[in-house]
Structure formats: structure tokens, C-alpha cells
Amino acid sequence: MTTLDAARGFASLAVHAGQEFDPTTGAVIPPVHFSTTYAQDGIGELRQGYEYGRSGNPTRTALQTQLAAIEGGAHAYSFASGLAAEDTLLRAVLSPGDEVLLGSDVYGGTHRLLSRVLGPWGVRLRVVDMSDPDAVRAAVAERAPRILWVETPSNPLLRITDIAGLAAIGHEAGALVVVDNTFATPALQQPLALGADIVVHSTTKYLGGHSDVVGGAVVLSEAHRDSALAEQLGFLQFAVGAVSGPLDAWLTTRGIKTLDVRMRRHSENAASVAAFLEGHERVARVYYPGLASHPGHDLAARQMSGFGGIVSIALESGAVARRFAESTRLFQLAESLGGVESLVNYPDEMTHASVRGTEAAVPVEVVRLSVGIEAVADLLADLEQALAV
Ligand code: PLP
């Protein structure tokens with residue numbers, strides 16, 4: 001198989017899109033291209049458009065083709081980190097004085113990028129609960145934002161936002177709708193098909209999937225195929241240069257090939273973990289969209305094809321939450337999420353420390369679990385012993 005069209009099933013696209021065998025040797029797995037520069041047949045006569053590693057690299061092209069295919073987008077751009085991807089996108093869209101309407105519990109680093117890096121350059125930030133359409137409508141009517149930016153499920157409280165509804169509100173106001181699809185991944189949720197303009201990723205998480213490569217991506221919808229935005233993003237990727245290196249791109253590509261099976265197992269294990277924790281007397285609240293008790297459950301069931309691998313819980317107090325996070329053994333205490341191994345995180349002092357004291361702060365009682373693909377009985381036993389400490 002050498003080419004695929006977008007009609008193929010998700011798992012086939014994940015394995016094959018952009019992954020044509022090497023025409024010189026027949027190697028089934030495309031090689032990693034480390035060369036920083038490319039021989040020219042004459043001045044400006046390039047072979048397949050490659051000139052210099054920052055402007056283009058075949059391994060990066062392969063990843064970008066794969067990313068665009070799995071998100072159902074027109075173009076994908078890969079970057080050295082999720083935040084580099086976000087920064088390049090924001091600079092491509094915004095001018096001083098423009099406003100971004102941001103979901104209230106997005107990743108703390110996204111809030112920090114907007115408030116502390118782009119804020120001093122004149123970009124304005126407002127925060128709203130994106131899962132509340134009335135609040136979004138009111139905020140949009142008050143001052144027209146250039147971008148509505150949402151994470152659904154959100155980080156770490158797993159709030160669910162109606163992407164199609166948000167896209168309708170945003171488009172009526174002339175705003176671009178950006179969905180950070182890091183938590184759900186395109187295996188479980190397709191924001192562009194639901195009307196979003198742009199998907200962003202920290203590919204560091206589930207797409208890479210093995211906690212061994214940092215990266216990020218921006219994917220544009222079909223509506224933006226020939227847009228000025230597509231051109232500007234390509235220009236800034238080259239002119240600013242926060243690109244993924246060849247080995248990083250290759251590792252991400254390899255991760256994506258197993259995304260479909262991994263997300264199923266993450267979801268199964270997380271569902272068992274959530275059910276176990278919901279029935280535990282020491283757990284005050286479980287945040288998992290797969291639970292019928294979750295306020296966004298019905299919407300998540302319509303909008304997603306699985307509920308994902310992240311489960312957050314509220315314990316009795318901040319002190320109890322800290323102790324629990326330091327007491328698990330199989331769940332390792334670490335930043336990040338989305339790898340095959342289970343991790344535990346205390347957002348208030350770890351991933352979300354940068355938003356403490358702001359309107360995006362995470363309650364101190366909350367602990368976030370990234371449920372891995374280990375044997376579920378071992379995961380439950382670990383949580384049981386940590387809750388008994
Ligand atoms: N978006 C989400 C949802 C994240 O969780 C993260 C990182 O944790 C980012 C974006 C930023 O990505 P990166 O750490 O790859 O820069």
C-alpha cells in the first residue's frame with residue numbers, strides 16, 4: 001500500500017498515512033533523515049523541495065502527513081513542543097489588542113503563555129467556563145474575541161465542552177475555534193469534523209505515547225486549506241524555527257501507529273479505576289466523563305468514541321491529596337500524562353503551579369491520574385494501598 005485517502009478507517013490512517021516505503025531500498029519503515037542540508041542539481045533546483053532542515057525535512061513531512069490524516073485536516077505543522085506549536089499559532093493569528101477567550105481549566109502553561117508571554121505584547125486574555133454556553137455567549141457579546149480556545153476534556157477537571165455548539169457561537173462572532181485535543185486524541189474525538197477550525201496537540205502525551213519525546217502540532221481544517229492562515233503558519237514555522245527534530249518526528253510517528261489500540265486500553269483501564277474510586281469511602285469526588293455521575297457524560301458519549309485515560313479525584317483536603325500522590329507505587333509521581341505507564345500528579349504544586357491564585361487555579365484537594373496500560377488489577381491494588389496510608 002502506498003497511498004491512502006481520507007476515507008480509510010482511523011487505525012489504517014494512523015499506521016499508513018505518510019509512511020510510504022523507501023523508494024530506494026524498499027525499506028518498509030521510512031528512514032530518519034538527519035541531514036541538515038540537501039544537494040541542489042543547479043542553483044535553486046531542489047529535489048522534492050528540500051533545501052535546509054529548518055524549512056523542511058522528509059521525516060517531519062511524514063509526521064505532518066500522518067497528523068493531518070488522523071485529525072481529518074488539510075494541513076499539519078509539527079513543532080518542538082506543544083507550547084511551541086501554540087505560540088506559533090497564536091502569533092500567526094493575533095495582533096496587539098486582539099483578545100483570546102480561554103477555557104477556565106486549560107493546561108496551566110497555555111494560560112502562562114497567553115498571560116505572561118503574549119500579554120506584554122498587547123494580547124488580551126479572558127477566561128470563561130467553556131462548558132457553560134451561556135457564559136461563552138455573554139463573554140463573546142461583551143467583547144468580540146479573535147480566538148475561542150478550549151480543551152475538552154479539560155485538564156485536570158475533565159469538563160466537557162460541546163465542540164459543535166462552541167464552533168457555532170465562535171463562527172457567528174467571526175472568531176476562530178481552537179481545540180486542544182491532547183487529552184482525547186483523534187482516536188476518540190475529531191474536533192475538525194465537529195466544526196472547529198484548528199486542533200492543537202502536545203504530542204508529548206498520547207500521540208508519542210511512551211514518555212520519550214517532547215513535541216507539538218497544529219492541524220488546520222479543510223476550510224483553511226488555501227487560507228492566509230495556512231500560509232502564515234508555514235512561514236512562521238520556517239521563520240521562527242521551533243520545528244521538531246528528525247528523531248523526535250520519527251518517534252512521534254511510531255507512537256501514532258499504535259494510538260488506536262493504546263487509547264482503547266487506556267479508556268478501559270481508566271473506566272475501571274474511576275468506578276473503583278467512585279465507590280471508595282475516602283474519595284470525595286471522581287472526575288471522569290465515562291461515569292454516569294459526570295455532568296458532561298451524555299455530551300461526551302455523543303462527541304467522543306471513548307472516554308480517555310485521565311481520571312481526577314478530590315480527596316478530603318489538600319494535605320490528604322498530597323499524601324495520596326506521594327504514596328502510590330505503580331502510579332509514579334511525575335508531570336505529564338499519556339504514556340503507557342501510569343502517573344500521578346498533584347496539579348496545584350506541579351502541572352498547574354503557574355496558575356495558582358488566578359481564576360484558572362486547580363482546587364488543592366485534586367489529584368490527577370494518568371491511567372496507563374498496565375494490568376488493571378495491579379493499578380487498583382496500588383490505589384487501594386495509597387488510599388489506606
Ligand atoms: N496542552 C495540554 C493539554 C498539555 O497537557 C500540555 C502539557 O502538559 C501542553 C498543551 C503543552 O505541551 P508541551 O509540554 O509538549 O509543550
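1. Asp 260 has a relative accessibility of 15% and therefore counts as buried, the cut-off for that class being under 20%. The residue belongs to helix α9, which covers residues 259–278. From Asp 260 to Gly 109 the C-alpha to C-alpha distance is 27 Å, and 151 residues separate the two in sequence. The model is a predicted one, and the points below should be read with that in mind.

2. Next, the space between the domains. Domain 1 (3–257) and domain 2 (260–387) each contribute to the lining of the second largest pocket, so this pocket lies between them. Its volume is about 340 Å³. There are 21 lining residues, and those nearest the centre of the pocket are Tyr 107, Thr 182, Ser 202, Thr 204 and Lys 205.

3. At the level of elements, α3 (82–93) and β6 (198–202) each provide at least two residues of the lining of the second largest pocket. The largest share is that of α3, with three residues. By class, the lining of this pocket comprises ten polar, six charged and five nonpolar residues.

4. Two of the residues nearest the centre of the second largest pocket, Tyr 107 and Lys 205, also stand in contact of another kind. Lys 205 places its charged end over the ring of Tyr 107, at 6.0 Å from the ring centre. The cut-off for such a placement is within 6 Å.

5. The largest pocket has a volume of about 650 Å³. Its lining is made up of 23 residues, and Pro 23, His 33, Gln 48, Tyr 50 and Pro 58 are the ones nearest its centre. Two or more residues of this lining come from each of α2 (58–71) and α8 (246–257). With six residues, α2 gives the most. The class count for the lining of the largest pocket is eleven nonpolar, nine polar and three charged.

6. How many aromatic pairs does the structure hold? There are two. One is formed by Tyr 38 and Tyr 50, with ring centres 5.6 Å apart and planes at 35°, and is classed as tilted. Both residues lie in the loop between α1 (10–16) and α2, so the pair ties together parts that are twelve residues apart in sequence. Tyr 38 and Tyr 50 are both buried. Tyr 50 is also among the residues nearest the centre of the largest pocket.

7. The other pair is Tyr 288 with Phe 307: the ring centres are 6.5 Å apart and the planes meet at 70°, so the arrangement is edge-to-face. Tyr 288 is in the loop between β8 (285–287) and α10 (297–303), while Phe 307 is in the loop between α10 and β9 (310–314), so this pair ties together parts 19 residues apart in sequence. Are these two residues buried or partly exposed? Tyr 288, at 2% relative accessibility, counts as buried. Phe 307 has a relative accessible area of 24% and is partly exposed.

8. The largest cavity has a volume of about 60 Å³. The residues lining the largest cavity include Gly 103, Ser 104, Asp 105 and Val 106, as well as Asp 129, Met 130 and Ser 131. Val 150, Glu 151, Ser 154, Arg 159 and Thr 161 are also among them. Sorted by class, this lining has five polar, four charged and three nonpolar residues.

9. About 50 Å³ of space lies in the second largest cavity. Around it are Arg 282, Leu 315, Val 320, Arg 323, Phe 324, Ala 386, Leu 387 and Val 389. The elements giving two or more residues to this lining are α11 (318–325) and α12 (376–388). The largest share, three residues, belongs to α11. The lining of the second largest cavity has six nonpolar and two charged residues, and no polar ones.

Technical notes. Residues are numbered from 1 along each chain as its sequence is written. This is a predicted model: local features need pLDDT of at least 70, side-chain atom pairs count only at pLDDT 80 or more; totals for chains, interfaces and linings use all residues. Side-chain values use heavy atoms; hydrogens and water are left out. On a 1 Å grid over the protein atoms alone, a cavity is a set of points where a 1.4 Å probe fits but cannot get out, and a pocket is an open set with protein on both sides within 12 Å along at least five of seven lines; lining residues have an atom within 4 Å of a point. Grid points are joined across faces, edges and corners, and a volume is the space filled by probe spheres set on the points. Helices (H or I, at least four residues) and strands (E, at least two) are DSSP runs, numbered from the N terminus. Ala, Val, Leu, Ile, Met, Phe, Trp, Tyr, Cys and Pro count as nonpolar, Asp, Glu, Lys and Arg as charged, and the others, Gly among them, as polar. Domain bounds come from an automatic or database domain assignment. Rings of Phe, Tyr and Trp (its six-membered ring) pair if their centres lie within 6.5 Å; planes under 30 degrees apart count as stacked, over 60 as edge-to-face and the rest as tilted. Buried means under 20% relative accessible area, exposed over 50%, partly exposed in between (1.4 Å probe, protein chains only). A charge sits over a ring if NZ of Lys or CZ of Arg is within 6 Å of the ring centre and within 35 degrees of the ring normal.
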